[in-house]
Each structure stands twice: as structure tokens, then as C-alpha cells.
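Dear colleague,

I am passing on the structure that we talked about, together with some notes on what came out of the analysis. Please read the notes with the model open beside them.

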Number of protein chains: 2
Amino acid sequence: MSKNGASGTGGAPRVVIVGGGFGGLYAAKGLANQPVDVTLIDRKNHHTFQPLLYQVALSVLSPGEVAAALRHILRKAANVRTVLGEVTGFDLDAKEVTLSSGAVFAYDHLIVAAGARHAYFGHDEWEAEAPGLKTVEDAVEIRRRLLLAFEKAERTAILTGETPPLDFAVIGAGPTGVELAGAIADLAKRALAKDFKTIDTRQARIRLYEGSPRVLGTFSEHSSRKARQQLEELGVEVLTGSFVTGVEPGRIKVGDEWSRADVTLWASGVAASPLGKALGVETDRAGRVVIAKDLSLPGRREVMVIGDMSSLTDANGTQVPGLAASAMQQGKAAAENILRDLRGQAREDFAYHNRGTMATIGHHRAVAEFGGRSFSGTLAWLLWLLVHILLLIGFRSRLAVLRQWIWAYLKREGASPLITEYQFRDDESEPGSR
Amino acid sequence: MSKNGASGTGGAPRVVIVGGGFGGLYAAKGLANQPVDVTLIDRKNHHTFQPLLYQVALSVLSPGEVAAALRHILRKAANVRTVLGEVTGFDLDAKEVTLSSGAVFAYDHLIVAAGARHAYFGHDEWEAEAPGLKTVEDAVEIRRRLLLAFEKAERTAILTGETPPLDFAVIGAGPTGVELAGAIADLAKRALAKDFKTIDTRQARIRLYEGSPRVLGTFSEHSSRKARQQLEELGVEVLTGSFVTGVEPGRIKVGDEWSRADVTLWASGVAASPLGKALGVETDRAGRVVIAKDLSLPGRREVMVIGDMSSLTDANGTQVPGLAASAMQQGKAAAENILRDLRGQAREDFAYHNRGTMATIGHHRAVAEFGGRSFSGTLAWLLWLLVHILLLIGFRSRLAVLRQWIWAYLKREGASPLITEYQFRDDESEPGSR
């Protein structure tokens with residue numbers, strides 16, 4: 001017999017939540033210590049605070065500072081169990097979820113919140129050369145590529161006496177692309193400058209490519225202009241109206257022209273989790289499930305689909321954006337609607353509440369929009385810091401990140417520029433010897 | 001032309017150091033800002049503080065808290081360059097070092113400090129099932145195995161309603177084995193106990209196997225007894241006189257008998273880096289290079305071999321032990337002997353100075369020996385904390401680790417039990433469904 005009598009025989013309605021991102025986690029929190037038997041299933045054992053992932057990629061924070069074990073976050077929710085496993089299918093008639101291992105979980109209510117991954121516009125072969133940033137593993141891989149590029153340039157310079165060019169390309173100028181480009185500039189111009197003695201890391205070239213006419217397309221034109229200006233102050237070359245047509249090792253093609261790119265990062269386009277299609281219902285071009293205003297699957301009242309993998313025009317007629325904030329709000333709302341069902345109350349339609357949006361662009365540089373007002377520069381940057389500290393899940397992480405940021409700010413350097421799980425391969429030829 | 005005129009054309013004697021562990025790093029520090037042109041070559045971009053690696057394996061510390069980028073540690077040493085690369089061979093007559101890429105570095109003085117890896121007594125096939133703990137990658141892999149074992153047991157318990165047994169085996173009861181076994185007990189009995197709701201992690205069985213008659217064989221008999229007693233208080237089963245004769249997935253063989261082992265860790269036996277043999281000189285059974293009392297290779301005054309990959313009976317007739325402390329002392333001594341050469345002074349023979357040894361066994365438990373006196377329990381544990389904080393390289397890491405320890409102590413929990421780079425594989429079958 002299991003420890004807490006939690007084997008689900010008690011008769012409480014069984015809620016299965018698929019995915020421990022912002023949507024799934026906030027749904028689980030909303031159902032904590034309520035008269036339901038909750039099972040949260042995720043392929044990872046941790047929740048990832050995605051808005052700070054780029055700081056892991058840039059060596060400012062450690063993985064443990066932006067991620068926390070799901071079962072640790074939920075340890076005080078006696079009715080919530082966490083299961084590490086990969087959901088591969090649903091039987092909506094039998095009300096069952098199947099894992100890759102063949103295990104089956106039965107539900108009375110199902111919340112699917114499996115998020116989104118990068119999309120390469122039909123060029124999946126670009127992924128190996130241009131990784132995106134969605135998971136802790138992505139961040140560690142991007143960090144490795146960035147630091148290795150500097151290491152290789154240093155080695156070449158020592159061996160040949162000549163400094164090779166060093167080119168970084170970021171594709172896509174939404175918040176993630178802008179944050180990555182600004183942070184690479186910070187890394188090259190400041191954090192690493194004193195560590196490398198043969199090359200001058202400040203000479204590195206950072207280009208930000210965007211197909212549309214402006215950066216941060218979902219922000220106001222004023223914020224776009226301010227963001228571009230701040231990026232350029234940092235030395236980032238902003239190339240709007242630039243469509244990437246090819247990605248190969250060491251170079252990318254923009255329009256008809258190839259450019260050198262020692263490291264290419266992808267921050268353009270997302271596709272919903274394939275679990276949307278596994279539900280066997282209508283999905284939009286990005287693979288998102290079109291849901292009803294109470295967040296349920298049309299015709300399946302007991303199934304809710306939330307966060308980045310769903311598409312909804314809400315009670316106010318607003319298309320709900322694919323942001324952490326929307327997923328959190330939908331997670332809470334899904335939990336509330338289930339509790340309303342149990343109490344015999346009518347469900348409420350979801351209404352997205354825009355509490356503001358922001359993007360950071362290196363030290364003392366950011367743009368923010370709150371209630372129709374725009375901010376930029378140091379004030380926006382301080383707002384960004386405050387909001388992200390407040391949002392960080394788990395008190396432990398919050399303190400650790402704050403301390404790390406204060407330290408990085410005072411020392412003007414990042415945490416630990418470590419490259420792990422790397423050894424030079426034998427096939428990496430060298431330009432000479434000394 | 002390179003940034004700091006560091007291309008080695010200035011005529012200063014060229015010192016090449018192979019390996020950035022304790023020996024190589026202390027040699028580089030000893031030569032910092034002296035009239036020599038130093039190149040430090042390592043396969044990793046970071047120095048690893050090995051005495052604390054087991055805390056990364058047990059989720060108490062993050063990788064960035066026990067490792068620091070070599071070029072960052074050495075950033076103020078204007079005459080020291082750091083190269084990321086794998087040394088594969090030497091031409092001692094031509095005075096050249098060759099990397100896997102084919103690049104060649106010429107030297108006037110060479111310090112080889114490439115350390116040691118685990119040895120499996122001729123059973124290299126055991127390594128996959130019983131990883132050892134030498135690198136940050138090893139620590140992350142061990143962490144993943146330990147946490148996954150708990151996750152799988154929880155999932156099985158949820159699906160079947162019955163808690164499966166959970167067995168951990170540590171092979172070898174030297175300081176690393178004792179520390180690992182004690183820390184696994186801490187993890188199971190305390191840190192994870194509240195996070196897992198279906199299984200009772202405190203029921204996990206931890207066995208420590210040792211072929212010789214006592215644990216911590218290099219310590220006094222009194223300390224051995226105290227260590228064993230403290231391990232048993234923590235619930236670790238200590239099995240001395242137990243020779244492991246087989247390691248397979250899920251089980252190990254001791255003598256003629258197989259025992260269940262969900263996770264097996266290897267802390268028994270080391271072998272010197274194969275670079276010892278690459279020097280083309282006499283090595284002992286463990287592959288260590290037998291060196292002269294001035295740390296040089298007999299007949300090759302300009303080549304020094306230090307740390308775990310060398311074997312030396314020192315000026316006092318003591319066999320120098322394979323410890324971090326000896327490697328640090330040899331690194332300093334190698335640098336001093338090179339500087340003596342330059343000043344036309346005679347070299348000094350190396351004499352190992354035993355400043356004490358210690359091993360920690362979970363919270364408030366340790367053994368320590370200083371100047372013929374033995375300590376155990378809380379006092380030894382506090383001594384251990386103090387010494388390791390003082391030894392930690394780089395002020396940044398030291399503060400971070402101290403803060404982390406205080407936090408873990410107050411909260412009675414570890415840092416971030418994250419499993420990264422893992423997804424359940426399809427071939428992991430499950431015992432049932434619910």
C-alpha cells in the first residue's frame with residue numbers, strides 16, 4: 001500500500017495534468033489541497049523558468065537557479081503526485097493517458113499543457129546548426145557553443161599570431177532574440193574581455209536578423225525604436241527585413257548572400273507540441289489546438305488545453321498571446337473551472353489580463369510597456385529585474401538569483417563560464433603550430 | 001599581431017603545462033608574472049575542485065560552485081596563456097607537445113600534470129554500470145542516476161500500489177566512497193523525504209563494499225572505527241572484506257553472490273593518465289611515472305611530472321600520497337625549481353608536508369587527523385568545512401559555496417535536485433497502469 005493512501009482509490013475526482021511548464025504548474029498549484037486527486041506528468045523532473053534561460057546560456061546564472069524540481073515545488077500539496085514520464089497518446093473516450101512506456105493513467109479531468117518547441121519553417125535540418133532556447137539543455141548547449149567559439153579563436157591566435165574573425169548570428173528579433181543578442185554583446189564586450197589575453201573579445205561581431213521591418217514586433221513602434229537604439233549602442237548590428245534562407249556549419253544565407261557565422265542561434269518561430277495533434281482535433285497552422293472560452297476542447301468538457309499549445313480568442317475578443325503570463329493565468333483558470341464543476345457552479349470564460357510586457361537588452365538597457373505607457377533604459381531595466389524576481393517560482397531560487405545578479409552587477413562579470421561535456425574532437429584541424 | 005605580445009617571440013623561456021588540475025594550476029600560479037612565457041593546456045576549460053565533487057553528485061552544490069574557468073582564475077597572470085585542447089603526445093628530443101588536432105607547442109620547460117582516472121582492475125566493461133567521480137560530468141551523471149532511481153520507484157509505486165525495493169551500492173571505502181555513501185544516506189533519509197509522497201525514501205538501502213578489513217585504510221585504526229560507526233548511525237551497511245567480482249545492470253556480485261543494486265558507484269582504484277606512458281619512460285603498476293626528487297624525469301631535467309600521475313619517495317623517505325594537497329605542493333615546487341634554474345640556483349628536493357587528512361560523513365559527521373591527533377563527529381565536521389572553504393580556489397566560488405552550505409544547513413535540504421539531459425526511453429517497460 002502506498003504511503004499517503006494516494007493510490008486514487010479514495011473516490012476523489014482524478015485530474016491528470018500533462019506538462020510542468022507555467023500552465024501545468026499553475027493548474028497544479030490551483031488544485032493543491034483541494035478535494036481532487038492530481039497527477040502531474042512531465043518528461044523532465046523540473047519546471048524551467050524560461051524567461052531567464054538566456055542568462056544560463058550566457059553564463060550569468062546556473063541551471064539550478066532557473067529550474068526547480070517539480071515535486072519539490074509541490075511538496076506541500078498533499079493531493080498532487082508528480083510522475084516523470086513522456087505522454088505519447090490519449091484515449092478521450094476511455095478517458096486515459098498513455099506514456100511511452102505503455103503505462104496508462106485514467107482521468108476524470110485532463111489538462112494538457114505541453115507547450116511549444118522551435119519551428120524551422122520546414123527546414124528541420126537547420127536545427128543542428130542553429131539551436132533554439134526552450135530548455136535547460138538548450139541553454140547549456142548554447143553556452144558551450146558561444147564559449148567554444150572564443151576558445152577556438154584564442155587558440156588560433158596563439159598558434160598563428162593572427163586573430164581570426166568571430167561572428168555571432170541571432171535569427172529572429174522577438175524578446176528572446178533581442179535578449180540573446182544584447183547578452184552576447186555584454187559577454188564579448190565586458191565579461192570575457194579580461195579572461196582572453198591573445199584575442200580581443202570586444203572585436204566580435206554580433207548580427208541580429210529579423211524578417212519583418214522592426215525588432216520586437218509585438219511591442220509599440222516607440223519601444224521597437226528604443227530597443228534597436230539600445231542594441232546598436234551595445235554594438236549589435238540589427239538587420240531588419242532580412243530573411244534567412246540557408247543555415248550551414250559556419251555560415252548563414254540571407255537573401256542570396258552567405259555570411260560567416262561561427263555560432264548561429266535560432267529565436268524565430270515556434271510550433272505547438274505534437275500532443276495537440278495526438279488529441280485528434282482541429283489545430284491551426286502552428287499546430288495549436290483551438291479551444292472554447294472555458295479552455296475546454298469543444299465537445300469534451302472534461303479536457304482542457306492551455307498555454308502555448310492552445311489558440312483562443314478570449315472573453316474580451318483578444319487573441320491570447322503565447323507568453324508565460326498567459327499560460328500562468330490559464331493554468332489558474334483551468335483549476336478554478338474544475339473546482340467550479342465540483343461545486344456545481346457554472347464555469348467562467350477566460351479573459352487574458354495584460355499586466356505588461358518587457359524585454360531586456362543587456363545591463364541598464366530594456367524596454368517595457370505597462371498600461372499604455374512605454375519605458376526604456378535604466379528604469380525599464382529595473383522594472384524588468386523587479387518583475388522577474390517577484391515571478392520566480394520558489395523562494396530558494398529567488399534569493400539565489402538575486403544574490404547572483406547583485407554579484408554579477410558589482411563584479412561586472414557572470415557566474416561560471418564553464419564548458420561541460422566537451423572535448424576537442426580529433427577532426428578539428430588547426431591552422432599551424434608554434 | 002597578438003594582443004599582449006604574448007606570441008612567445010620575446011625570448012623568455014617557454015613553459016608548457018599539461019593539465020589544469022591542482023598540480024598544473026598551482027604550477028601556473030607559481031609562475032604567474034615571472035620572466036617566463038607559460039602555456040597551460042587542458043581538455044576542459046575549467047579547473048575542478050575535486051574534493052567537493054561528491055556534493056554536486058548529491059545535488060547540494062551546482063557544477064559552477066565547484067569549478068571555475070581556468071582562464072578566469074589566471075586572468076591576472078599576464079604571462080600565462082590558457083589553451084583548450086587535448087595533448088596526445090610528446091617529442092622529448094625536439095621539446096614539443098602535440099595536440100589531437102595536430103597543433104604543436106614547443107617548450108623549454110615542460111610540466112606534465114594530467115592526473116588519474118578510475119581503474120576497474122581489468123574490467124573496463126564495469127564502467128558503464130558503475131561510474132566513478134572525477135569530473136563535473138561524472139558528478140552530473142551520478143546525480144542523474146541517483147535521482148532517477150527514486151523517480152522510477154515513485155512511478156512504480158503509483159502504478160502498482162506497492163513500493164519496490166531501492167538499493168544503492170558504493171564500491172570502495174576510501175574518502176570518496178565514504179563521502180558518497182554518507183551523502184546518499186543524507187539524501188534519502190532527509191533531503192528527499194518530503195518531496196516523494198508515494199514511496200518512503202528513508203527505506204532505501206545503502207551498502208558500502210570494501211575489499212580490505214576496514215574503511216579509510218590510509219587513516220588510523222581509531223579513525224576507521226569512528227568512520228564506520230558514523231556511517232552505521234546514518235543507516236549505511238558497511239561490508240568490509242567484500243570483494244566485488246561482477247557488475248551488471250541492476251545488480252553486483254560480491255564473492256559468489258549477486259545482490260540487487262539500482263545504482264552502483266565506483267570509488268575503488270585509480271590509474272594514472274595514459275600520458276605517463278606517452279612520455280616513453282618507466283611507469284609503475286598504476287601507470288605512474290617514477291620521478292626524481294626534484295620532480296623531474298630521470299635524465300630529462302627540463303621535464304617535470306607531478307600529481308597523481310607521478311610516483312615519488314620524497315626527501316624525507318615518504319611515499320607521496322595521491323591527494324589534492326600533494327599535487328598543490330608539487331605544483332608550487334615545480335614552479336620554484338624552474339625559477340631557481342633561471343636564477344642559476346640549485347634545485348630543491350621535494351618534501352611532502354602532511355598538513356592533515358579528513359573525510360566527511362554527512363551532517364555533523366566526519367573524521368580528521370592533524371599532527372598525530374584524531375578527531376571525529378561535529379568537531380571534525382567543522383574542521384572539514386573550514387579547511388575546504390579556505391582551500392576553494394577563487395573568492396567568488398568560496399562565497400557561493402559558503403552561502404549554499406549555510407542555506408542547505410538551515411533548510412536541511414540540498415540545492416537543486418535537477419535531472420538534465422534525460423528523457424525516459426521507450427524501452428523502459430512499466431509494471432502496470434492505473
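Predicted model: local features only at pLDDT ≥ 70, side-chain atom pairs only at ≥ 80, totals over all residues.

Which residue in the turn of the hairpin that E6(A) and E7(A) form has a positive phi? It is A:Lys95, with a phi of about 60°, and four residues lie between the two strands. Residues are numbered from 1 along each chain as its sequence is written, and chains are lettered from A and ligands numbered from 1 in the order in which they are written.

Chain A as a whole

Chain A contains eleven helices and 25 strands, where helices (H or I, at least four residues) and strands (E, at least two) are DSSP runs numbered from the N terminus. Its domain assignment, of the automatic or database kind, gives domain 1 as 14-43 + 85-119 + 271-343 and domain 2 as 124-268, and the C-alpha centres of these two domains are 35 Å apart. Of the 434 residues in chain A, 51% are buried; a residue is called buried if 20 or more other C-beta atoms lie within 10 Å of its own, exposed if 12 or fewer, and partly exposed in between, with C-beta atoms placed from the backbone. Among the contacts in chain A with a separation of 6 or more, 65% are between residues 24 or more positions apart, a contact being a pair of residues whose C-beta atoms, placed from the backbone, lie within 7 Å.

The strands around E7(A)

The strand E6 (residues 87-91) of chain A runs antiparallel to E7(A) and is joined to it by four bridges, two strands being taken as paired if DSSP finds at least two bridges between them. Within this pair, A:Gly89 is opposite A:Thr98. On its other partner, strand E8 (residues 104-106) of chain A, E7(A) has three bridges, again antiparallel, and here A:Phe105 is the bridge partner of A:Val97. The hairpin of E7(A) and E8(A) also has four residues between its strands, and in it A:Gly102 takes a positive phi near 100°.

The axes of H1 (residues 22-30) and H9 (residues 324-343) of chain A come within 7 Å and cross at roughly 35°, where axes are lines fitted to C-alpha atoms, for helices over the stretch in contact, and angles run from 0 to 180 degrees between N-to-C directions. The crossing is right-handed, that is, the near helix is turned clockwise from the far one by less than a right angle. Residues of H1(A) that meet H9(A) include A:Leu25 and A:Gly30, and those of H9(A) that meet H1(A) include A:Met328 and A:Glu336.

The largest nonpolar core has 262 residues, and A:Ile17, A:Ile184, B:Ile17 and B:Ile184 have the most contacts inside it; such a core is a set of buried Ala, Val, Leu, Ile, Met, Phe, Trp, Tyr and Cys residues joined through C-beta atoms within 7 Å. Leaving aside residues up to four places away in sequence, A:Ile17 touches several residues, among them A:Gly24, A:Ala27 and A:Ala28.

A sheet in chain B

In chain B, three strands form an open sheet in the order E23-E24-E25 with antiparallel pairing. Strands E23 (357-360) and E25 (373-376) of chain B stand at the edges with a single partner strand each, so one side of each is left without a neighbour in the sheet. From one strand to the next the twist averages 10°. Helix H7 (residues 221-233) of chain B packs on this sheet, touching E23, E24 and E25 of chain B, and its direction makes about 5° with that of E25(B). Strand E24 (residues 366-370) of chain B pairs with E25(B) over four bridges in the antiparallel sense, and B:Ala368 is opposite B:Phe375 there.

With best wishes

Technical notes. Contact = placed C-beta atoms within 7 Å.
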